[in-house]
Amino acid sequence: MQRRKWIPLALLRKLLISAIACIAFVALFSVRIHIVPSSKDQRFNDKISTAQDLHSWTRELAPPHLSKAPLSTPKLSGTRGYLDYQKLWKPPSNRGFFPCTNPTPKYTTPTESRGYLLVHTNGGLNQMRSGICDMVAVARIINATLVIPELDKRSFWQDTSNFSDVFDEEHFMNSLANDVKIIKKFPNDLVNETKVVKQFISWSGMDYYENEIASLWEEYRVIRASKSDSRLANNNLPPDIQKLRCRACYEALRFSPHIEQLGKLLVERMRSFGPYIALHLRYEKDMLAFSGCTHDLSLVEAEELRMIRENISYWKIKEIDPIEQRSKGLCPLTPKEVGIFLTALGYPSTTPIYIAAGEIYGGESHMAELRSRYPLLMSKEKLASIEELEPFSNHASQMAALDYIVSIESDVFIPSYSGNMAKAVEGHRRFLGRGRTISPDKKALVRLFDKLDQGLMTEGKKLSNRIIDLHRRRLGSPRKRKGPISGTKGMERFRSEETFYANPLPDCLCRTEPPPPPLNTSHIV
């Protein structure tokens, strides 16, 4: 009888021990086990910083004014996150293209130089960049020794930077040693040598340089190019000259170490918020004055811009119809229009946006509507401390170089105006196969925005579909460079071409294998 009483007690003890073990087991695995996402989800999640990553960044990298109150990172995970990635962030296919800049077997090292080529660059950073690369090619064509180019110090920005302040001079010279002889300074013993100053004809080809310009060596030992921008044709040049332009632009012309260092730091800080858009918001005083665009500006602001245009002697066109300019798509989008555009494309309000620009004209008064839609607007001034930016202050080209680096590395690049930086960044990203580049169709967008202003259309699905359809094929995927617009003649014909540095295909991008044949659908009913 006593034995029977102990049987239930022993059984109960075993059951209790088993229950405790099960609870401990479940508790252990609830901490240790995580769900492994699919490979597609994982590729996207790798691009998103976790909250832990963000706090780590704010401790180690953030300037004081950001580390106190870090901004939240957009949460994009799971099925919805993957769909958002496909729709908003996924880079276009490179269609098998890769950079190919090596010279052909016939290419030789430079022969004995016939003289010296001095170059005065003109314009802002990206105008000077393309001009320098063209002058490398010109020096090769006319067999000249290239003296390190002089940067423009007389333009609107009044930047006193020298070549070595903006670019890595040693790397530039060493990278091109087998292409062109380059020296840092003009020889002292030739300072009094007679120089011929030439403004090379825009978009000139081989005949012009091999005959007209090279013939100057018969009388002169020094040729000075008074301008550098757009002096070389976009098309119909020998393959080795085109590849040399790409080697100069994408390999040799690297920014100086102090710019590269801070630029990469800014990229890291933007990445801490997740995938980001670099918005080249060309809504600056010089651009608005030059283009004559005054939409949404007050009469006082419009008059100020007109006076700037009137007083800058080298801006040839003084009288501009702002309404006509805008209707032709020749004006930068306003910050308000950019906000409508991004919303219509589907980017949520939590999207991190880097403003790649100088001082926005009108400041916060013109930025308020964009900021109300997208509060996470960042810039180099917000991401870096005053101490970090101090060496770059009053040097517009160096500040623009920082914007260039952050734009190249962005997940999506969107220019509000198709100017020199927009073209340079788009071409560089095409060359690298880097991310999406969305070029707004400003002419078509203006008509939609006007309908919104007139109350003929409202924001919503209909507008969104129209804008998405307009830009479905404008994501920066590889395609051949566009030629001149049909019917154009003379200089206007060259001006209408897509610039070489906006799209280096086919010259500097090659396919790993032939494209697949088109699908034969004749048998499908």
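This is a predicted model: local features need pLDDT of at least 70, side-chain atom pairs count only at pLDDT 80 or more; totals for chains, interfaces and linings use all residues.

How many bridges join strand S8 to S9?

1. Residues are numbered from 1 along each chain as its sequence is written, and side-chain values use heavy atoms, with hydrogens and water left out.

2. *Overall picture.* The protein has 23 helices and twelve strands; these are DSSP runs, with helices being H or I of at least four residues and strands E of at least two, numbered from the N terminus. Of the 525 residues, 49% are buried, meaning under 20% relative accessible area, with exposed over 50% and partly exposed in between (1.4 Å probe, protein chains only). The accessible surface comes to about 27,800 Å², and 55% of that belongs to carbon and sulfur atoms; the areas come from the Shrake-Rupley method with a 1.4 Å probe, and for residues only the protein chains shown count as cover. Among contacts (heavy atoms within 4.5 Å) between residues at least 6 apart in sequence, 79% join residues at least 24 apart.

3. Strand S3 (residues 145-147) pairs with S4 over two bridges in the parallel sense, and Leu-146 stands opposite Ile-182 in S4. S5, helix H9 (residues 206-213) and S6 make a right-handed β-α-β unit: with the strands pointing away from the viewer, the path from the first strand over the helix to the second runs clockwise.

4. *Another open sheet.* Here the order is S9-S8-S7-S10-S11, and the pairing of these five strands is parallel. Its edge strands are strand S9 (377-378) and strand S11 (436-437), each of which pairs on one side only. As for the opening question, two bridges join strand S8 (residues 353-355) to S9, and the strands run parallel. The bridge partner of Tyr-354 in S9 is Met-378. Helix H19 (residues 396-408) packs on this sheet, touching strand S7 (277-280), S8 and strand S10 (412-415), with its direction at about 155 degrees to that of S8. Helix H20 (residues 420-432) also packs on the sheet, touching S7, S10 and S11, and its direction makes about 155 degrees with that of S10. For such angles, axes are lines fitted to C-alpha atoms (for helices, over the stretch in contact), and values run from 0 to 180 degrees between N-to-C directions.

5. After H6 comes Asn-143, with a positive phi near 60 degrees.

6. *His-428.* This residue sits in helix H20 and counts as buried because its relative accessibility is 11%. Leaving out residues up to four places away in sequence, His-428 touches Arg-129, Tyr-250, Tyr-404, Ile-408 and Tyr-501.

Definitions and conventions:
Two strands pair if DSSP finds at least two bridges between them.
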